[in-house]
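Here is a short briefing on one protein chain. Please have the sequence and the model open while you read.

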Amino acid sequence: MVVEYLSIIFSVALAGILFAALFGGIKVVPQSQVYVVERFGRYTKTLAAGLNFIIPFLDRVAHKTSIL
């Protein structure tokens, strides 16, 4: 009985982590903006307008800049 509950809890936690990783790695950049991406505090790349993918938990959007 306890093993079944632990299995369910583990499954829900794993699904939550996968969900967070999936949506944390997708960035939609609006028109007339660029996003500056850093990995461990160092510049990695600049995301142009549109749908972009980053590595979740490693990369982060450091700055959102208007290019108007």
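Strands β2 and β3 pair in the antiparallel sense, over five bridges. Val-36 has Thr-46 of β3 as its bridge partner. The model is a predicted one.

- β2 and β3 belong to an open sheet of three strands, ordered β3-β2-β5, with antiparallel pairing.
- β3 (42-47) and β5 (59-66) stand at the edges, and each has a single partner strand, so one side of each lacks a neighbour in the sheet.
- Neighbouring strands in this sheet are turned by 30° against each other on average, with direction ignored.
- Strand β2 covers residues 33-39 and runs antiparallel to β5, with seven bridges joining the two.
- Within that pairing, Val-34 has Thr-65 of β5 as its bridge partner.
- As a general point, strands of a sheet pair through backbone hydrogen bonds, either parallel or antiparallel.
- In a regular strand, side chains alternate between the two faces of the sheet.

**Positive phi in the loops**

- Most residues other than glycine have a negative phi.
- Phe-40 has a positive phi of about 55° although it is not a glycine.
- Phe-40 is found in the loop between β2 and β3. The hairpin of these strands has two residues between them.
- Is Phe-40 buried or exposed? Phe-40 is exposed, because its relative accessible area is 65% and the cut-off for exposed is over 50%.
- Phe-57 also is not a glycine, and its positive phi is about 75°.
- Phe-57 lies in the loop between β4 (50-53) and β5.
- Phe-57 counts as exposed, at 66% relative accessibility.

**Salt bridges**

- How many salt bridges does a search of the whole structure find? The search finds two.
- In one of them, the side chains of Arg-60 and Glu-38 meet, at 3.1 Å from N to O.
- This pair links distant parts of the chain: Arg-60 sits in strand β5 and Glu-38 in strand β2, 22 residues apart.
- Arg-60 is partly exposed, with a relative accessible area of 49%.
- Glu-38 counts as buried, because its relative accessibility is 15% and buried means under 20%.
- Arg-39 forms a salt bridge with Asp-59, and their closest N and O atoms are 2.6 Å apart.
- That pair also links distant parts of the chain, with Arg-39 in strand β2 and Asp-59 in strand β5, 20 residues apart.
- Arg-39 counts as partly exposed, at 30% relative accessibility.
- Asp-59 counts as buried, at 8% relative accessibility.

**The helix and its nonpolar patch**

- Helix α1 spans residues 2-24, and Leu-14 has its place there.
- Leu-14 is partly exposed, with a relative accessible area of 41%.
- The C-alpha atoms of Leu-14 and Ser-32 are separated by 37 Å, while the two residues are 18 apart along the chain.
- Which residues form a nonpolar patch on the surface? The patch consists of Met-1, Val-2, Tyr-5, Leu-6, Ile-8, Ile-9 and Val-12.
- Together these residues have about 790 Å² of accessible area.
- Val-2, one of the patch residues, is in helix α1.
- Val-2 is exposed, with a relative accessible area of 59%.

**The chain as a whole**

- From the N terminus on, its elements run α-β-β-β-β-β.
- The radius of gyration is 17 Å, whereas a compact globule of 68 residues would have one near 11 Å.
- Taken along the principal axes, the C-alpha atoms fill a box of roughly 60 × 25 × 10 Å.
- Of the 68 residues, 16% count as buried.

Conventions:
Residues numbered from 1 in each chain as written. Predicted model: local features only at pLDDT ≥ 70, side-chain atom pairs only at ≥ 80, totals over all residues. Heavy atoms only, no water. Pairing = 2+ DSSP bridges. Helix = DSSP H or I, 4+ residues; strand = E, 2+ residues; numbered from the N terminus. Axes fitted to C-alpha atoms, helices over the stretch in contact; angles between N-to-C directions. Buried < 20%, exposed > 50% of the residue type's maximum accessible area, 1.4 Å probe, protein only. Patch = residues over 30% accessible without salt bridge, like charges linked within 9 Å, V, L, I, M, F, W, Y side chains within 5 Å. Areas by Shrake-Rupley, 256 points an atom, 1.4 Å probe, with all protein chains shown as cover. Salt bridge = Lys/Arg side-chain N within 4 Å of Asp/Glu carboxyl O. Rg over C-alpha atoms; globule rule 2.2 N^0.38 Å.
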